[in-house]
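Here is a short briefing for a reader new to this structure. Take a look at the model before going on.

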Amino acid sequence: MQLRDVVLVHGLFHQAAHMDPLAEALRQRGARVTVPHLHRGSFEADVRAVQAVADLCETAPILAGHSYGGAVIADVAGGCRYVFFAAFAPMAGESCAELGGPDALVNKWVRPHSTGGTYVPAQFARELFYADCSPAAASRAIDLLVPQAGGHGRGVVRRAEWTRAPSHYIVCDDDRAVSPELQQAMARRCDSSRHIRASHSPHISQPELVAEAIIG
């Protein structure tokens, strides 16, 4: 039986290692999983990095994006299916910053970093990102957070490749970083969707459920 390729794309302030629980759940289901690292200096550079990974897959991959990662996969060509969880699903000409607006939930938690860019202080991160994760999982995830260079969220989707293939959206009803109302609006753009009781990081708190939604 041929393995299914899945490319997982993380969000701002996060790293590929944050996807470890979901990647393992997918591998247990027989998927071949790749998790590219973002923070390449711009939105466009992040898209190119993920496109390069998708182009190397042996089969047309399922592209699954979390948060900002949804905007990244939106411009990556060649996916057989696009899955968004707690994510932005922009149309051509849109950006995360535009969709989230000046009152985006995450904005009040973000601080300037001494080396440039921004970061989310550890004392805010659990409530913001990992409210329903176990203490151990939340602690590991907080330790993995990194500063974010400016401008990524303002990157504009050019091609909206995701509209050329089947799409699915997972709305996280208890999210404190990306408004559940915004997620519902994004979900209406997709071919199918479901709601789950989860905060911003279901790939950590409920990886089996998210894996099932991605690959069945």
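Predicted model: local features only at pLDDT ≥ 70, side-chain atom pairs only at ≥ 80, totals over all residues.

Residues are numbered from 1 along each chain as its sequence is written, and side-chain values use heavy atoms, with hydrogens and water left out.

Helices (H or I, at least four residues) and strands (E, at least two) are DSSP runs, numbered from the N terminus.

**Strands**

- Strand β4 spans residues 81–85 and is mostly covered, with 4 of its 5 residues buried. Buried means under 20% relative accessible area, exposed means over 50%, and partly exposed lies in between (1.4 Å probe, protein chains only).
- β4 pairs with strand β3 (residues 62–66) in the parallel sense, over 5 bridges. Two strands pair if DSSP finds at least two bridges between them.
- Opposite R81 in β4 stands I62.
- From β3 the chain passes through helix α3 (residues 68–74) to β4, in a right-handed β-α-β crossover. Right-handed means that, with the strands pointing away from the viewer, the path from the first strand over the helix to the second runs clockwise.
- β4 and β7 run parallel and are joined by 4 bridges. Here F84 stands opposite Y169 in β7.
- β7 also runs parallel to strand β8 (residues 192–196), with 5 bridges. I170 faces R194 in β8.
- Helix α7 (residues 180–187) carries the chain from β7 to β8, and this β-α-β crossover is right-handed.

**Helices**

- Helix α1 (residues 20–28) has L22, A23, A25 and L26 as its buried residues. They are on the same side of α1, because they cover an arc of only 160° around the axis. The arc is that of the directions from the helix axis to the C-beta atoms.
- Among the elements covering the buried residues of α1 are β1 (4–9), β2 (31–34) and β4.
- Just after α1, G30 takes a positive phi of about 90°.
- In α6, the buried residues are A138, A141, I142 and L144. Seen down the axis of α6, they fall within an arc of 160°, so they line one face of the helix.
- The face of α6 turned away from its buried side carries P135, A136 and D143, which are exposed.
- Cover for the buried residues of α6 includes α5 (122–129) and α8 (202–205).

**Largest pocket**

- The largest pocket is lined by 32 residues, and L12, F13, V106, N107 and G153 lie nearest its centre.
- Helix α4 (residues 96–100) gives the largest share of this lining, 3 residues.

**Two single residues**

- V156 lies in the loop between α6 (135–144) and β7 (167–172). V156 counts as partly exposed because its relative accessibility is 23%.
- Leaving aside neighbours within four places in sequence, V156 is in contact with F43, E44, D75, G93, E94 and S95. Contact means heavy atoms within 4.5 Å.
- V156 and T115 are 41 residues apart in sequence, and their C-alpha atoms are 25 Å apart in space.
- Q51 sits in helix α2 (residues 43–56). Q51 counts as buried because its relative accessibility is 15%.
- Beyond neighbours within four places in sequence, Q51 is in contact with D75, V76 and A77.

Notes
1 Å grid on protein atoms, 1.4 Å probe; cavity = no way out; pocket = protein on both sides within 12 Å on 5 of 7 lines; lining within 4 Å.
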